[in-house]
Each structure stands twice: as C-alpha cells, then as structure tokens.
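Have a look at the model first, then read on.

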Amino acid sequence: MRLLQVSLRSLLLYSLILVLISIPISIFSIRQIINEEVDESLALHTNQFIKHIKSYEYLEDLEMDLKIWDQLSYDIVLTPSDIMSAGQKYETISMYDSIEHELHPFRTLSSNIIIKDKPYLLTIKMSLVDNNELVMALGIVQVILIVLLAAGLLLLNRSLSRKLWKPFYNTLNQLKAYELDKSESIIPEKTNIIEFDDLNKTISHLTDRNRKVFLEQKEFIENASHELQTPLSIFQSKLDNLMQIPGLTESGAATLLDLEETAQRMARLNKNLLLLSKIDNDQFNEVEEIDLAALTKKLLWNLHPMADLGNISIQTTINPLAIKANSTLLEVLLTNLFHNAIRHTNVNGKVTVEITDRVLTITNTGNPLKMNPEKIFERFSKEGRSENSSGLGLAIVKKICDTCLYELHYNFHSGVHTFSVAF
Amino acid sequence: MKILIIEDEKQLVKSMAQFLRQESYVCEVAYTASEANEKILLFDYDCILLDISLPDGNGLKILEKLRENHKTDGVIMITAKGSFDDRIAGLNLGADDYLPKPFYLPELSARISAVIRRKRFDGNNKISFHEIDVDLLGKTVSVSGKEIELTRKEYDLLIFLIANKNRVVSKNAIAEHLSGDDAELMDKFDFIYSHIKNLKKKLTESGCADYIKTIYGLGYKFTA
C-alpha cells in the first residue's frame, strides 16, 4: 500500500467519525437553540399580550370580547381558570397538523393571568421544527459533506502523489536501474521538499562513495596483478637459470619441475585475474566484424592434439556466422569454453560444437557436477582439485557474456554437459 | 652479438643476462629510460629488450627515438601490462616482437635469435647444427643434405631446441612455445613426449646423431 493511501485512509476514517459524531451533537444543539429562541419569543408574546389586555381593561364587555377573540386566534388560547396565583409553564406538545396531516411539535407557554380580577389561563404556542425533518436535513447535508470530503481527498491525493512524489519516484527508478559497475552516478531532480532533497543528497553521496570504493578496488586488483607479473618473471627466470647448473640431481630436477609448475599456476591465476579486472575496467571496447565460424574452427584445430591425448572425439556442426565483437574477448570466450569442455570430458568421451542461428552450443560427456550448478560460473568454484585449472575460466566466460550481452546457459542432462551462448 | 636490456628490475636483468651470456651474447643493461636513450644513440645493438614501463618514462618513447635516429636495432618489447594497445602501439613503432611477463628465458632466447636472424639476413636464412640444416624461409629441414619430413609442431620444436642449444629447456617452456594457452590443458609430459619421440625418430632414422637428451623428466637438452 502506498504511503499516501495509508494517510488518506486515516484521514477518511477520522472525517467519517467526526461527521457521524457531529450529527447528534448538531441536532441536539440546534434543538436547544431553537427551544431557547422559541421560549424567549413565547415569553415576549405573553408579556406583550398581557400589556395590551391591560390597556383594554376599561372596556365593559372585555370578557365577551376575549371569548370571541380566543375563538378567532389560532396561536393564542385564553380560557378562564380558577387559579388565582400567577405562574408560568413551558411545555412541548404534539398537535395534529391539518395541512400536512401529521402530528407536529409545538412549544407552549401557559401563564396564569388576572384580567379584571378574573383568573385566566393564557397559552401561547409556536410551531417547532419537526425532529425527523431536522435529522433528515442534517443527515443529507452531512452525507453530501462526507462525499465531497472523500472525493476531494482522493483527487487531492492523486494529484499529490503525481506531483509531490514525482521526484521521489524518479529517484527510486534511478536507484532501481543503478548498477555499481555500469552506471555513472545518480543525478536526482531538484525539489523544494526538504525530506526529498535530504534523501537525494544522501543517495548521491552513498552511490558516489560506493562507486569510488568500487573503482579503487578494481584499480587495486589490476595494479596488484600487474605488480605480481614482475616477481613472477624473476622467479621463472631464476628457475630457468637454475636448470642450467651442471650436476643437477634427479631429486633436484623434480623439485625444480614442481617449482616451475607452481610458478606457472600462479602466473595463470594472475593472468586470469588481470583479464577479469581488465574486462571490468572496460579495456576491450574495440569492436570489429569477426568470422566466428572460422575462429571456432581454428581454435578447435589447435585443440585436437590435446583432445587426442584423452582419446576425446570432437564433432562439429558449424554454420557460417559473423558477429561484431572484440576479437580478444571473443577468442578468450571460445578458448575458455573449449578448454572447459575438454578438461571435464571423461576419457574416450565426446565433445560437440555447434553453431546455428547465432547460438554456439558446446556439449561434452562427463560425470554429473558435484557442486551446485548455479555456482558453476562463480570465481574459484572448482570441480575437484584440478591443478591445471585456475577456477576462473568459466567466471571469465560469464563476465564476457555479461559485458557483451550474450545469453549464457548451462545444463546437464543424461551424462552430457551443455553450454550455450546466444550472440 | 650485442644485446641491450632496458629493464628496471635488477633481479630480472641479472637472470636474463646470466642466461643470455651462455649463448655468448654480450649483454648491456640500462635501468632507466635516460640511460637507455644515451646508449642507443652511442652504440648499435643486435637486439634491444625493452620494458615498456620504466621509472622515468614510457618505453614507447625510446622506440620513437630509435626510429627518429634511423636505428635498425631489433627490438623485443617486454611488459607486465599485457595491454593490447601497448602491443599495437609498439609494433606500429617498429618493434619486432612482443613478450608479456612472466616468460620463460628459453622463449626469450628463441625470440632473440629469430629477431637477429631476420635483421641480419633479411629473412632469407638458414640455421645449422652439425649435420642438421634448417631453411627458415622454406621451412624445410635436411640432415646431411637430405630433406626430412617434419610436422609443423616438430619443426617448431626443432627450431626452439636449436635456439636453446646446450641448455636445459623445461617441458613447460616447450609446451607453452608449441601450444600457447592451450598448454594448460594437458598433461605436458604425454604431449611433449610424443613430439620429442617423433622428432628424435625422424632425425636418427635419417642418420642424424641423437642430440636430444632427456633431463630427468624436467625437460630436454639439445646438445652434441
């Protein structure tokens, strides 16, 4: 759920509760106010009526006049009574409304008054607002209010999420697309919102620093590999000289050979690390048209002697294919895949190489992997302890495919390992 | 024959000089670019071994200077930077060969003799070892004047061994010379052994003395 939806949900809930609570409160307070007003005007009317009557007390047949007047007036009822003491009483009563044909609430003020020494009961009534109507009217107003509020909030929310959060989503999309080894740096949009600017600044800072560390690391690996080449050369050259010393014994020769094998292993490892970091550092960006079919044939032809040693047969189905690529990378890619196939084929096994529809497929017979197939392209994930293998060959293959956007797949099925590269 | 080694790593220079002197090369050394610049103007060398990364300058500048002064010394670039660009730049500037570190000294030796032969005889040349004659242009080998049939690998092997005559050459160095990177794939002994065996057989069958001596499984020595 989006952040704005969460806040909107709370806002809507709060408004709804508020509106619902406000309905009885408004009804109650409106009623109260109306009652007070009505009471006040009833008292005023009563007062004025009494005053008027007093000014007509000189009339002889006032009693008769009052009787007639009582019958004529609707709101005022004046009936003789026998209560001599003065007193007033407010009441709310229901009366039949002949126009609307229903009961209607009225407020009455009954006062005991004395006219010409005769006690009368004066009752003045005023119509009150119908409870049901009031509730209905208020309810309708509140419902309209709720609808308007909700619609307004939703619309506001939508435009806010579109406008206000735009820089946030921009930054988010940039972050999603960010790749440490490829992207330069994140350039966030300038906003007027402190939180977003803060976030953007932090992200820029973080990515810049990560990138710097990453570049330093890359450079370090390349430099380290470079620096190692010289001591390795010295080591090898000393061995070459040592072999020339007359009177070399058999055990001395064996030790020298072991030393040389080890030096070669180091050199190979170093060479592959250097290659990996060079691919990382984008040093193979020159692209030319390469006859992949011819290159494949050439490399395989060179490998025949090695394959023959293990009595491995190599079968090829190579259709013409030329691609645009960096020649060094492509040659390393093919060489590593072919080496891998031959190295892991069992004696008397079979390697097949096929190029069709821009896909290079290499299969070799062999034992199932002991390691997790997902780890096959990881650095230094070796199958068994082959001294001739640096454990970097397939990692380099993967790196090249990633760099050149080739699709690389591996699977193992009924004793056959299959690698495929779609160019 | 005079060789100038331009390289700042003293230990490496020492080993290279020690190895090459056995071949009766005269080795001179320049540890810095300025030393090298002085020497190349004063003397002529049959071959210059040039390290590209020097403490006081890029080796490519030295190459430029050589060409500016119309020097025809053979040049083999040696570099720790297996950089493709450097190689292209160097070869464009007239370097004759390129050897990335780390390398086998027998390989260096073979490259030096190839460069010197090309420079001296304009590519039209022969090398001989007792009754063996190799025509490098026609890529043919004859024993006592009688031509023998060798495969490409056997031919390369023979040249390599002759270039390193009287020296022990390890089978690793031979394997790398013959197969380059593919060498790491195989059991070297099997691979080298079959080639050595075939070459030996072809040479001795045509009446040649057996010059290829096996050194305890470490390697071989081509010696009379």
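1. A word on labels before we start: helices (H or I, at least four residues) and strands (E, at least two) are DSSP runs, numbered from the N terminus. This is a predicted model, so local features need pLDDT of at least 70 and side-chain atom pairs count only at pLDDT 80 or more, while totals for chains, interfaces and linings use all residues. Residues are numbered from 1 along each chain as its sequence is written, and chains are lettered from A and ligands numbered from 1 in the order in which they are written.

2. Start with helix H9 (residues 393–404) of chain A. Its 12 residues should span 16 Å at 1.5 Å a residue, and the end C-alpha atoms are 17 Å apart, which agrees; the expected span is 1.5 Å times one less than the number of residues.

3. What does H9(A) pack against with its buried residues? A residue is buried if 20 or more other C-beta atoms, placed from the backbone, lie within 10 Å of its own. Gly393(A), Leu394(A) and Lys399(A) are among the buried ones in H9(A). The buried residues pack against H6, H8 and strand S10 (407–413) of chain A.

4. H8(A) is mostly covered, with 13 of its 17 residues buried.

5. Five strands form an open sheet in the order S6-S8-S9-S11-S10, with mixed pairing; strands pair if DSSP finds at least two bridges between them. Strand S6 (313–318) and S10 of chain A are at the edges with a single partner strand each, so one side of each has no neighbour in the sheet.

6. S10(A) pairs with strand S11 (residues 416–422) of chain A in the antiparallel sense, over seven bridges. Glu407(A) has Ala422(A) in S11(A) as its bridge partner.

7. Chains A and B meet through 35 residues of chain A in contact with 35 residues of chain B, where contact puts the C-beta atoms, placed from the backbone, within 7 Å. On chain A, helix H5 (194–242), helix H6 (250–280), helix H7 (292–309) and helix H8 (327–343) each supply at least two residues of that side.

8. Finally, chain B is divided into domain 1 (2–121) and domain 2 (126–222), with bounds from an automatic or database domain assignment. Their C-alpha centres lie 26 Å apart, and eight residues of domain 1 of chain B are in contact with nine of domain 2 of chain B.

Conventions:
Two residues are in contact if their C-beta atoms, placed from the backbone, lie within 7 Å. A residue is buried if 20 or more other C-beta atoms lie within 10 Å of its own, exposed if 12 or fewer, and partly exposed in between; C-beta atoms are placed from the backbone.
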